[in-house]
Amino acid sequence: IVALYIYFFLSGQTLFKVVIKSLSPKELVRIHVPKPLDRNDGTFLVRYRMYETVSEGLKIEVLYGDEHVAQSPYILKGPVYHEYCECPEEDPQAWQKTLSCPTEEPQIAKDFASFPSINLQQMLNEVPKRFGDERGAVVHYTILNNHIYRRSLGKYTDFKMFSDEILLSLARKVLLPDIEFYINLGDWPLEHRKVNETPGPLPIVSWCGSLDSRDIILPTYDISHSTLEAMRGVTNDLLSIQGNTGPSWINKTEKAFFRGRDSREERLQLVQMSKENPELLDAGITGYFFFQEKEKELGKAKLIGFFDFFKYKYQVNVDGTVAAYRYPYLMLGDSLVLKQDSTYYEHFYMALKPWKHYVPIKRNLSDLLEKIKWAKENDEEAKKIAKEGQLRARDLLQPHRLYCYYYRVFREYAERQSSKPEIRDGMELVAQPDDDTSVCQCHRERPSREEL
Ligand SMILES: *[C@@H]1O[C@H](CO)[C@@H](O)[C@H](O)[C@H]1NC(C)=O
Ligand SMILES: *[C@@H]1O[C@H](CO)[C@@H](O)[C@H](O)[C@H]1NC(C)=O
């Protein structure tokens, strides 16, 4: 039996067909192939998720009528492993090459510039004291022989489910370096010591960075999780958003749009500006927590699906408690992003330039209305910036690039450790799933190093 998945899609008159099947007619494989994503610019994304491993390989055909298009058929030589198959590539270089990982990651280089060497004993002495109090959100991890161990240092560490899942996923794919590190699961970056201070800063790992802290950053839990769970639990991920960008530019409502929680005062200011300038801005708060007393005055807006944001031509990106984690999704849409100046950043912001990929607005929003007017009066220019931003984001935010980024941070970290990582008191093993979903035959050699 051959598993065969066929999809037709229409783009004007064009009829395409995509076939994904096992290379060997004898091999059955369960693959989920959702509807192709139409990016509305003549390009489509076809995604698939494997629930089983194929040993011979996969054949992907893209047909126009009966004819192959581009380099079709695409052959992925087997074995091709599914997500839950524990089968790490022993040679990280080869793995990175397969993923076409970039040779430079300027943000990682910058983050590690403050840390030529990492003293694990010093961190063990200091981190729990400085950041491990009751209200802390720090988890201490050790990865040894590709096994993951951890202990929580504070009470607010439920988000370790996100760090666990990405670490486990990486460990299934590639042999990770032995490392011992501390990940901050809270919103705010933690390390505010300066490089020339004594004692110096510690390399705490966080999801969000800021200009006045030294934390080493990783892709946020939000984009990491939605990438891992794409086509399963989540509907809003870095690829699905690309097929749901609303009407084409000419048919979008010519207003700036914002919906979100009340996590920063400027967001309330947006609503006030929106009331006074409804022809320029449609802004609403969907949930009150920090400024509950304001709800009566400003009102509460109905929740609206993220894909519907793109009915509007301009999107306002205002920080939440830290960087707004919607920013990557906004950049992948085809609206113009108006981004509030901020000291906070995520792992990819460095590659995006004001006036090239987005339009900057002042921290206090004093020039927001003026910038919206500018965009309305300079439609061609606005459209061009929106497109350039989208193209750059599509490149930077390819799912595999997240894996590359994580791996590289761990490698840079490992190279700087001045002693061997250890499994510390109170750490427990974070186990790989061992249910039906993980069944597979790994053809790669198992690590020959001694297990602990
Ligand atoms: C804009 O909307 C109109 C009316 O729905 C539609 O006929 C037209 O094709 C749309 N234009 C583009 C470029 O999508
Ligand atoms: C907003 O910030 C700018 C500096 O970026 C400052 O010049 C201006 O006075 C501020 N406006 C208001 C209304 O606070």
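In the predicted model, helix H4 (residues 160–173) and helix H11 (residues 399–416) approach each other, their axes coming within 11 Å and crossing at roughly 90°. On the side of H4, the contact is formed by Ile166, Leu167, Ser169, Leu170 and Lys173, and H11 contributes Tyr403, Tyr406 and Phe410. In general, a pair of packed helices is described by the angle between the axes and by the distance between them.

The model also contains an open sheet of five strands, arranged in the order E17-E16-E18-E19-E21 with parallel pairing. Strand E17 (281–287) and strand E21 (359–361) are the edge strands, each of which pairs on one side only. From one strand to the next, the twist of the sheet averages 25°. The pairing of E17 with strand E16 (residues 253–261) is parallel and extends over six bridges. Within this pairing, Phe258 has Ala283 of E17 as its bridge partner.

Helices are also placed across the strands of this sheet. Helix H6 (residues 265–276) lies across E16, E17, strand E18 (312–317) and strand E19 (336–340), and the direction of H6 is at about 135° to E17. Helix H9 (residues 368–377) lies across E16, E17, E18, E19 and E21, and H9 runs at about 160° to E21.

Terms used: Residues numbered from 1 in each chain as written. Chains lettered and ligands numbered in written order. Predicted model: local features only at pLDDT ≥ 70, side-chain atom pairs only at ≥ 80, totals over all residues. Heavy atoms only, no water. Axes fitted to C-alpha atoms, helices over the stretch in contact; angles between N-to-C directions. Helix = DSSP H or I, 4+ residues; strand = E, 2+ residues; numbered from the N terminus. Contact = heavy atoms within 4.5 Å. Pairing = 2+ DSSP bridges.
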